[in-house]
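Subject: Handover of a structure

Dear colleague,

Please find below the structure that I am handing over to you.

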Amino acid sequence: MPDAPAHTPPAAAPARRMCVDCKEMTDRPVIVGGVEQNSGPGWIAYACPACAHHYRTADDLGAALVTHTVNCTACAAAGADCATAEALREAHQAAEAEADR
Ligand SMILES: [Zn+2]
Ligand SMILES: [Zn+2]
């Protein structure tokens, strides 16, 4: 199901994706895996924030959040989390909660 837009959407507006774990549609997908190809983005796996830690560690998700916020113009302009940052933060918190058990 190719749904690649003509131009890259802003980071603040991630598309609705199906979680690879629970198979639910999520408005806040977190990238949990994928294959980069020379010709452009290849297959990318998304998970909802609640499932992302099944595929990525808390450290990894925390680092991704930091990397996102320093590079995201939407986060910088708003001075707050955009949807992508929110998803990463939620995923990170879920991962830490899991690790604390
Ligand atoms: Zn899920
Ligand atoms: Zn952002």
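Of the 101 residues in the chain, 27% count as buried; a residue is buried if 20 or more other C-beta atoms lie within 10 Å of its own, exposed if 12 or fewer, and partly exposed in between, with C-beta atoms placed from the backbone. Please note that this is a predicted model, in which local features need pLDDT of at least 70 and side-chain atom pairs count only at pLDDT 80 or more, while totals for chains, interfaces and linings use all residues. Residues are numbered from 1 along each chain as its sequence is written, and chains are lettered from A and ligands numbered from 1 in the order in which they are written.

Overall arrangement

The chain has 3 helices and 4 strands, where helices (H or I, at least four residues) and strands (E, at least two) are DSSP runs numbered from the N terminus. Along the sequence these elements follow the pattern β-β-β-β-α-α-α. Among contacts between residues at least 6 apart in sequence, 51% join residues at least 24 apart; two residues are in contact if their C-beta atoms, placed from the backbone, lie within 7 Å.

The packing of α1 and α3

Helix α1 (residues 58-71) packs with helix α3 (residues 83-99) at an angle of about 160°, and their axes are 8 Å apart. Axes are lines fitted to C-alpha atoms, for helices over the stretch in contact, and angles run from 0 to 180 degrees between N-to-C directions. The two helices are therefore roughly antiparallel, a term for angles over 145 degrees, as against under 35 for roughly parallel, 65 to 115 for roughly perpendicular and oblique for the rest. On the α1 side the contact is made by Ala58, Leu61, Gly62, Ala64, Leu65, His68 and Thr69, and on the α3 side its residues include Leu88, Arg89, Ala91 and Glu96. By class, this contact has 9 nonpolar, 5 polar and 2 charged residues; Ala, Val, Leu, Ile, Met, Phe, Trp, Tyr, Cys and Pro count as nonpolar, Asp, Glu, Lys and Arg as charged, and the others, Gly among them, as polar.

Ala63 also lies in helix α1, and counts as partly exposed because it has 14 C-beta neighbours inside 10 Å. Its C-alpha atom is 9.6 Å from that of Leu88, 25 residues away in sequence.

The nonpolar core

The largest nonpolar core has 18 residues, of which Val30, Ala47, Ala52, Leu61, Leu88 and Ala91 touch the most other members. Such a core is a set of buried Ala, Val, Leu, Ile, Met, Phe, Trp, Tyr and Cys residues joined through C-beta atoms within 7 Å. Two or more residues come from each of β3 (30-37), β4 (40-47), α1 and α3, and α3 gives the largest share, 6 residues. Leaving aside neighbours within four places in sequence, Ala52 is in contact with Val30, Val32, Ala47, Leu61 and Ala91.

Residues in the loops

Cys48 is placed in the loop between β4 and α1, and is buried because 25 other C-beta atoms lie within 10 Å. Not counting residues up to four places away in sequence, Cys48 touches Cys19, Cys22, Glu24, Thr26, Arg28 and Pro29. The C-alpha atoms of Cys48 and Ala91 are separated by 7.9 Å, although these residues are 43 apart along the chain.

Lys23 lies in the loop between β1 (17-18) and β2 (25-26). Lys23 is not a glycine, yet has a positive phi of about 65°. With 9 other C-beta atoms within 10 Å, Lys23 is exposed.

Cys72 lies in the loop between α1 and α2 (73-78), and its 18 C-beta neighbours inside 10 Å make it partly exposed.

Yours sincerely
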